[in-house]
Amino acid sequence: MATSASASLSKAVKQQYMELPQGDKVQAMYIWIDGTGEGLRCKTRTLDSEPKSIEDLPEWNFDGSSTYQSEGSNSDMYLIPAAMFRDPFRKDPNKLVLCEVLKYNRKPTETNLRITCNKMMDMVADQHPWFGMEQEYTILGTDGHPFGWPSNGFPGPQGPYYCGVGADKAYGRDIVEAHYRACLYAGVQICGTNAEVMPAQWEFQVGPCEGIDMGDHLWVARFILHRVCEDFGVVASFDPKPIPGNWNGAGCHTNFSTKEMREDGGLKAIEDSIERLAKRHSYHIRAYDPKGGLDNARRLTGRHETSNIHEFSAGVANRGASIRIPRNVGQEKKGYFEDRRPSANCDPYSVTEALIRTCLLNEEGDEPVDY
């Protein structure tokens, strides 16, 4: 199994140093999304005291020419703190700080999708939009081969692995357990986890989160997963179809509701939203992966519990539909619906913004409206 060289460094020796007192100083790790719209970057600075809120955190900068975000001749980018979490790696009082990125002229970078998402969330705050996102991922060795798979072959066919237990069914549970506990410590709204259909594929769920918190919490949960995997010497992949052929892809099913949908008779509002989504399928497909639908085309084939990328469909308890209404929601006539189209590597800001625009702001057509 190909693991990284760093993973073989002694964690026990490192722990001796991590236990040294740090005085009154605090380490704040600033995290941001790079120019790919998928990759995360981070760096750390020392603060003189523990920050109590975002306002206590200074702006910072970095070299955008090394993160696919600017030219070398004008490369300073601004890091604007947006959300703060406890640091599960360095522990209290240290912090993880999720940041927005602005260019030299203080305008958002192309991959800073948080800024418009936040604007949309403010516009519909009175409707209390809740989201829950189901993040699937695959654990890979550093050679790109799925963790625990035979080095020049395949494991047995899919069937026994989903929610499986036992060494021949669950590949890499240590990573899942470490990630779960680290998220709880950090204050991420993680609400569950399970082994997925393909061996070495797992899922964690984040939510319910209101408004902009959905994107913030999912991005930090992803960062924590990458860091946990780094410690174990393996790689977490959010590729929507890591292994071609008769293996499940990886999505990020998004559950959505408003106050109206959650109240008695809310099924009517759910059906109205689905009707609007049906008329705007191509806009959503473009918003649901970082390559405008190209990544998802490998996954949304109509097989392996997916809908066809070219067709919109909806149904109760149907995992082959674009939109699934859970059975209990159909029975209770209130609750939420699940959009099964977003890919595992989607930007949650883009996904949640698209749902708000179509379902709550009643937008139509292939382009978002400029407010």
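The legends below describe close-up views of a predicted model.

**View 1. The largest nonpolar core.** This core holds 69 residues, and those that touch the most other members are Tyr 137, Val 188, Ile 224, Phe 256, Phe 337 and Leu 355. Helix α4, which spans residues 213-232, gives the most to the core, with 10 residues. Because domain 1 (7-111) and domain 2 (121-360) both give residues to the core, it lies between them. Apart from this core lies another one, of 13 residues, and Trp 32, Val 97, Cys 99 and Val 101 are among them.

**View 2. The surroundings of Leu 355.** When residues up to four places away in sequence are not counted, Leu 355 touches Phe 131, Thr 254, Phe 256, Leu 277, His 284, Tyr 288, Phe 337, Asp 339 and Leu 360. Leu 355, Phe 256 and Phe 337 are also among the residues that touch the most other members of the largest nonpolar core.

**View 3. Helices α6 and α10 where they cross.** Two packed helices are described by the angle between their axes and the distance between the axes. Here the axes of helix α6 (residues 267-278) and helix α10 (residues 348-360) come within 8 Å of each other and cross at roughly 105°. Angles of 65 to 115 degrees count as roughly perpendicular, and α6 and α10 are therefore roughly perpendicular to each other. Ser 273, Arg 276 and Leu 277 are the residues of α6 that meet Leu 355, Thr 358 and Cys 359 of α10. Sorted by class, this contact of α6 with α10 has three nonpolar, two polar and one charged residues.

**View 4. Asp 34 in the loop between β1 and β2.** Asp 34 is found between β1 (26-33) and β2 (40-47), and this residue is buried, with a relative accessible area of 3%. Leaving aside neighbours within four places in sequence, Asp 34 is in contact with Gly 39, Leu 40, Arg 41, Thr 67, Tyr 68, Gln 69 and Thr 111.

**View 5. Asp 143 in the loop between β6 and α3.** The loop that holds Asp 143 runs between β6 (130-140) and α3 (173-186). Asp 143 counts as exposed, at 52% relative accessibility. Although Asp 143 and Ala 2 are 141 residues apart along the chain, their C-alpha atoms are separated by 5.9 Å.

**View 6. Cis peptide bonds and positive phi angles in the backbone.** Most residues other than glycine have a negative phi, and most peptide bonds are trans. Asp 92 and Pro 93 are joined by a cis peptide bond with omega of about 5°, and Pro 93 lies in the loop between β4 (76-86) and β5 (95-102). Lys 91, also placed in the loop between β4 and β5, has a positive phi of about 65° although it is not a glycine, and Lys 91 is partly exposed, with a relative accessible area of 45%. The peptide bond from Gly 207 to Pro 208 is likewise cis, with omega near -10°, and Pro 208 has its place in strand β8, residues 201-210. His 128, in the loop between α2 (114-123) and β6, has a positive phi of about 45° and counts as partly exposed at 31% relative accessibility.

Notes:
Residues are numbered from 1 along each chain as its sequence is written. This is a predicted model: local features need pLDDT of at least 70, side-chain atom pairs count only at pLDDT 80 or more; totals for chains, interfaces and linings use all residues. Side-chain values use heavy atoms; hydrogens and water are left out. A nonpolar core is a set of buried Ala, Val, Leu, Ile, Met, Phe, Trp, Tyr and Cys residues joined through side-chain atoms within 4.5 Å. Buried means under 20% relative accessible area, exposed over 50%, partly exposed in between (1.4 Å probe, protein chains only). Helices (H or I, at least four residues) and strands (E, at least two) are DSSP runs, numbered from the N terminus. Domain bounds come from an automatic or database domain assignment. Contact means heavy atoms within 4.5 Å. Axes are lines fitted to C-alpha atoms, for helices over the stretch in contact, and angles run from 0 to 180 degrees between N-to-C directions. Angles under 35 degrees count as roughly parallel, over 145 as roughly antiparallel, 65 to 115 as roughly perpendicular and the rest as oblique. Ala, Val, Leu, Ile, Met, Phe, Trp, Tyr, Cys and Pro count as nonpolar, Asp, Glu, Lys and Arg as charged, and the others, Gly among them, as polar.
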